[in-house]
Amino acid sequence: MTGDVVNPEGRKIPRHIAIILDGNGRWAARHGLPRAMGHKKGCETLEQIVADAARLGVEYLTVYGFSTENWKRSQEEVGALMNLFRFYMVKLIKVANEYNVRARMIGERSRFAKDIQDGIDRLERETAANTGMTFVFAVNYGSRDEIVRAVRKYTLEALKEGKTVEEIEALTEQEFAGYLDTAGMPDPDLVIRTSGELRLSNYLLWQCAYAEYYITPVLWPDFNKDELLKAIDNYNSRERRFGGRLKTTDNYDRSGKSGT
């Protein structure tokens with residue numbers, strides 16, 4: 001079962017879409033511009049996609065904005081990205097409130113400068129009452145780091161509460177998910193990666209175990225509503241089984257081999 005909704009056009013809209021924003025640097029290079037300008041154009045694209053997704057009826061939109069590995073980039077590029085965060089976090093408050101969007105950040109935010117942490121807090125606080133789409137921005141996020149932090153959090157809690165070995169062994173997947181950054185959110189139904197790269201890049205590894213994937217060669221700054229609808233239409237062509245058996249009408253025998 002999925003939480004997909006059908007919009008007035010008859011299109012099945014994934015409840016939760018996750019996007020890996022890739023290609024800002026290549027877009028800048030193609031246009032003979034500094035990499036910082038590619039990131040700026042990527043932020044403008046993100047503003048529009050947040051609005052488009054909200055209007056389409058997407059309930060959750062999660063985007064990969066800055067990974068734990070991105071700190072390895074040049075000091076100049078990282079500095080430019082931090083300044084963009086400062087600017088667009090303020091601008092996103094207006095965009096989010098205009099479209100009744102609630103903003104939420106995931107990732108380890110303590111590494112950011114104090115003013116950026118304050119900006120994140122303000123964005124979340126000033127959009128908390130909105131009841132429409134939840135927009136999730138993954139910054140200083142890495143899925144392996146998230147899982148390690150979740151294990152550490154659960155372990156410390158178990159020790160503090162004096163849990164028995166039997167109680168620890170009884171931990172379920174659903175309970176463990178409550179210790180992840182995405183606690184309380186449904187898993188992504190559709191993952192979109194721009195720029196044609198074929199990897200997850202340490203993004204939502206636990207949550208995307210049964211997501212559908214859509215790879216487009218379009219660079220993120222050139223991504224738009226039409227490209228989003230292409231991804232959703234492709235998603236509509238899939239049959240999601242979550243590890244279950246194929247339907248008997250799919251012409252497969254019980255061994256999993258194709259019928260004749």
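User: Which residues are exposed on the other side of helix 4?
Analyst: Lys-114 and Arg-125 are exposed there. Exposed means over 50% relative accessible area, buried under 20%, and partly exposed in between (1.4 Å probe, protein chains only). Helices (H or I, at least four residues) and strands (E, at least two) are DSSP runs, numbered from the N terminus. This is a predicted model, in which local features need pLDDT of at least 70, side-chain atom pairs count only at pLDDT 80 or more, and totals for chains, interfaces and linings use all residues. Residues are numbered from 1 along each chain as its sequence is written, and side-chain values use heavy atoms, leaving out hydrogens and water.

User: And which ones in helix 4 are buried?
Analyst: Ile-116, Gly-119, Ile-120, Leu-123 and Thr-127 are buried in helix 4. Seen down the helix axis, the buried residues fall within an arc of 100° (taken from the directions from the axis to the C-beta atoms), so they line one face.

User: What covers them?
Analyst: The cover includes helix 3 (75–98), strand 5 and strand 6, by contact, meaning heavy atoms within 4.5 Å.

User: Is strand 5 enclosed or open?
Analyst: Strand 5 (residues 102–106) is largely enclosed by the rest of the structure, because four of its five residues are buried.

User: Changing topic: where is Asp-22 found?
Analyst: Asp-22 lies in the loop between strand 3 (16–20) and helix 1 (24–30). Asp-22 is buried, with a relative accessible area of 15%.

User: What does Asp-22 touch?
Analyst: Leaving aside residues up to four places away in sequence, Asp-22 touches Arg-193, Thr-194, Ser-195, Glu-197, Leu-219 and Trp-220.
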